[in-house]
Amino acid sequence: MRRVASVILPVLLLCSCGQNLRPDRHTRELLTSLDGYVKAREMYVVKKKDQMEALTRLASEIQDPLRRYDVEMRIAEAYFPFSFDSTQAYLKHCIELAGEDLERVQAATIRLGHLYDKSGNYMEAHQILYEQIDTTRLSESLKREYLHVLYDFSHDLSGNSGMVERLSIPPEAPFRERLLRILPQNSETWRVLLRDKFMAENRLEQADSVSRVLLSSLKPEDRNYAIHAYYLSEIAENLGRHEERLEWLVQSAECDILNAIKDYASLTLVAMHVLPEDVDHSFRYLQIAQEDAIFYNAKLRPWQISRFLLEVEEAYQARQDQRQQMIRVSIILLAVLVVALFFITWFLVSRSRKLTRLHAELGEANANLEAANVTLGQLNRQISKADQVKEEYILDFLETLANQITLFRNEDNRYRSLIKQGKADELLKELSIGSRSEKARDRFYETFDQTFLGMYPTFVEEFNALLVPEARLSPSKGHLNTELRVFALIRLGVDDSKKIAAMLDYSVSTIYNYKVSVKNSALGDRETFEERVKMIGK
């Protein structure tokens with residue numbers, strides 16, 4: 001019964017595999033690299049916390065308020081991308097420690113306003129930056145820092161105007177032009193402003209060049225590397241370089257994880273980039289991004305991530321629709337199979353009756369009678385075996401499809417219930433367990449190998465006879481390797497590389513490379529190699 005089932009399963013899988021979207025090889029390599037950082041993210045967080053605790057102990061041992069102010073400003077700077085609450089607490093304490101020292105008070109106040117801006121608390125940022133700073137008493141260095149914070153505030157507010165109260169503040173361009181005049185040329189901040197200017201003016205090639213200069217002075221583990229890589233991804237997207245955009249986003253996300261950054265955008269954008277092709281990775285990355293945004297406790301980032309939930313639900317529904325389509329195709333194929341078995345049985349029965357009549361007419365010819373009896377006995381055994389095979393075949397596939405329909409219905413009901421109950425985290429956790437498509441592909445390979453070798457048991461030996469000795473293939477017993485599967489399909493009459501690629505779940509270029517590699521090792525004329533393969537077993 002298992003051998004009978006193995007005949008139809010490849011047909012069902014081949015009909016459905018072309019409908020499944022999968023990321024290309026380059027994307028899979030990028031995601032594999034990112035997954036390594038994701039697995040180690042807790043280790044980087046522990047390391048970050050250890051560093052914070054060391055600085056905190058150092059600050060607690062200092063009695064002089066101004067010296068402690070300097071240390072806690074460093075702590076606030078380290079906490080800035082890691083925890084909104086901790087950064088806010090330290091900056092407010094620094095304002096208290098500064099006492100009557102106006103320079104220190106204004107420095108801590110400016111950074112507190114910057115924190116509120118970056119976390120999406122725009123009303124609080126506006127109140128501090130425009131109402132609590134005495135601009136007439138700022139030193140030159142603080143004046144530059146203050147202008148840069150105002151520029152960031154204007155830039156961020158213009159990019160998120162759809163979710164905040166209307167605030168009347170100057171546009172970012174005047175701040176940028178003023179800073180470009182007063183900042184040292186070719187400094188990092190000056191180059192960042194120059195890049196922003198080029199992007200605002202749609203001079204993307206110049207912006208790309210400046211960004212690469214900024215990145216060239218940093219190592220991948222430097223905190224600002226993630227920021228500059230993120231802007232390079234935006235520039236690549238605007239230039240139509242979509243593959244390059246994903247590369248920069250992955251590098252930015254890896255740097256964020258390495259530095260235990262909790263307030264970021266790159267991993268979320270990676271999740272949305274791969275959503276149409278890899279729902280499991282997208283769910284996992286969005287779940288991590290949501291966890292980090294909640295940990296950071298800013299108001300802006302969780303809202304941004306929540307906007308993608310509808311797209312995630314739509315992608316999930318599309319995958320469920322695809323499964324339903326596969327079930328319908330399987331049912332149609334089963335119906336065709338039953339009809340075909342009926343006609344085969346009718347043909348065999350008709351043939352048996354003709355042979356029986358022939359046996360009666362030749363009853364007097366003893367020599368021929370013995371041969372006819374032998375032939376008739378063989379045919380009767382074949383008919384009996386065909387009847388048994390037919391019954392086992394139908395029962396096995398009815399049971400397989402019934403189990404498959406029950407499994408999909410239970411999954412549908414379970415996931416639909418989770419969505420209605422708002423248990424997105426539990427849904428994401430369940431969907432992140434393993435890849436069904438990978439398991440299905442492995443089962444397809446195993447079934448294909450068994451079926452084909454059952455039909456052509458000497459295929460491997462005859463195929464190797466067409467190759468030079470040093471290039472001959474030695475797969476494990478009862479299995480085929482990728483090259484043999486490619487030419488097994490050619491033996492079955494599938495010539496189109498696109499169809500072979502779809503069936504075996506590879507890219508067309510990979511199938512082409514396998515065919516060329518094997519043909520280069522062929523004995524005789526390589527141009528007739530495929531035709532000779534088609535003659536194997538005939």
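The model is predicted, so local features are read only at pLDDT of at least 70 and side-chain atom pairs only at pLDDT 80 or more, while totals for chains, interfaces and linings use all residues. Numbering starts from 1 along each chain as its sequence is written, and side-chain values rest on heavy atoms, with hydrogens and water left out.

The protein chain has 25 helices and zero strands; helices (H or I, at least four residues) and strands (E, at least two) are DSSP runs, numbered from the N terminus. Of its 538 residues, 43% are buried. Here buried means under 20% relative accessible area, exposed means over 50%, and partly exposed is in between (1.4 Å probe, protein chains only). Among contacts (heavy atoms within 4.5 Å) between residues at least 6 apart in sequence, 65% join residues at least 24 apart.

On to the cores. A nonpolar core is a set of buried Ala, Val, Leu, Ile, Met, Phe, Trp, Tyr and Cys residues joined through side-chain atoms within 4.5 Å. The largest has 63 residues, and Tyr69, Ile75, Ile110, Leu115, Tyr146 and Phe153 touch the most other members. Helix H8 (residues 140-159) gives the most to this core, with eight residues. Ile110, setting aside residues up to four places away in sequence, touches Leu129, Ile133, Leu138, Leu142, Glu145, Tyr146 and Val149. Apart from this core lies another, of 30 residues, including Leu453, Phe463, Ala501 and Ile511.

Ile511 sits in helix H24 (residues 508-519) and, at 0% relative accessibility, counts as buried. Leaving aside neighbours within four places in sequence, Ile511 is in contact with Val486, Ser497, Ile500, Ala501, Leu504 and Tyr506. Helix H22 (residues 482-491) is mostly covered, with nine of its ten residues buried; among them are Leu484, Val486, Phe487 and Ile490, along with Arg485 and Arg491. Just after H22, Gly493 takes a positive phi of about 100°. Asp505, in the loop between helix H23 (497-504) and H24, also has a positive phi, near 65°, in a residue other than glycine. At 25% relative accessibility, Asp505 counts as partly exposed.

Next, the aromatic rings. A pair of aromatic rings is described by the distance of the centres and the angle of the planes. Rings of Phe, Tyr and Trp (its six-membered ring) pair if their centres lie within 6.5 Å; planes under 30 degrees apart count as stacked, over 60 as edge-to-face and the rest as tilted. By this rule there are 19 aromatic pairs. The rings of Phe444 and Tyr445 have centres 5.9 Å apart and planes at 45°, so this pair is tilted. Phe444 also forms a tilted pair with Phe448, with 5.9 Å centre to centre and 45° between the planes. Phe444 and Phe448 both lie in helix H20 (residues 436-455), four residues apart, about one turn of the helix. Phe444 is buried at 5% relative accessibility, Tyr445 is buried at 11%, and Phe448 is buried at 5%. Phe444, Tyr445, Phe448, Phe452, Tyr456, Phe459, Phe463, Phe487 and Phe529 form one aromatic cluster.

That leaves the cavities. On a 1 Å grid over the protein atoms alone, a cavity is a set of points where a 1.4 Å probe fits but cannot get out, and lining residues have an atom within 4 Å of a point. Grid points are joined across faces, edges and corners, and a volume is the space filled by probe spheres set on the points. The count comes to two cavities of 30 Å³ or more, and the largest cavity holds about 70 Å³ of space. Arg41, Val45, Asp256, Ile257, Ala260, Ile261, Lys262, Tyr264, Ile288 and Asp292 line the largest cavity. Helix H3 (41-60), helix H13 (242-258) and helix H15 (279-296) are the elements that give two or more residues to this lining. By class, the lining has six nonpolar, no polar and four charged residues, where Ala, Val, Leu, Ile, Met, Phe, Trp, Tyr, Cys and Pro count as nonpolar, Asp, Glu, Lys and Arg as charged, and the others, Gly among them, as polar.

Ala260 is placed in the loop between H13 and helix H14 (266-274), with a positive phi of about 55° although it is not a glycine. At 4% relative accessibility, Ala260 counts as buried.

Terms used: On a 1 Å grid over the protein atoms alone, a cavity is a set of points where a 1.4 Å probe fits but cannot get out, and a pocket is an open set with protein on both sides within 12 Å along at least five of seven lines; lining residues have an atom within 4 Å of a point.
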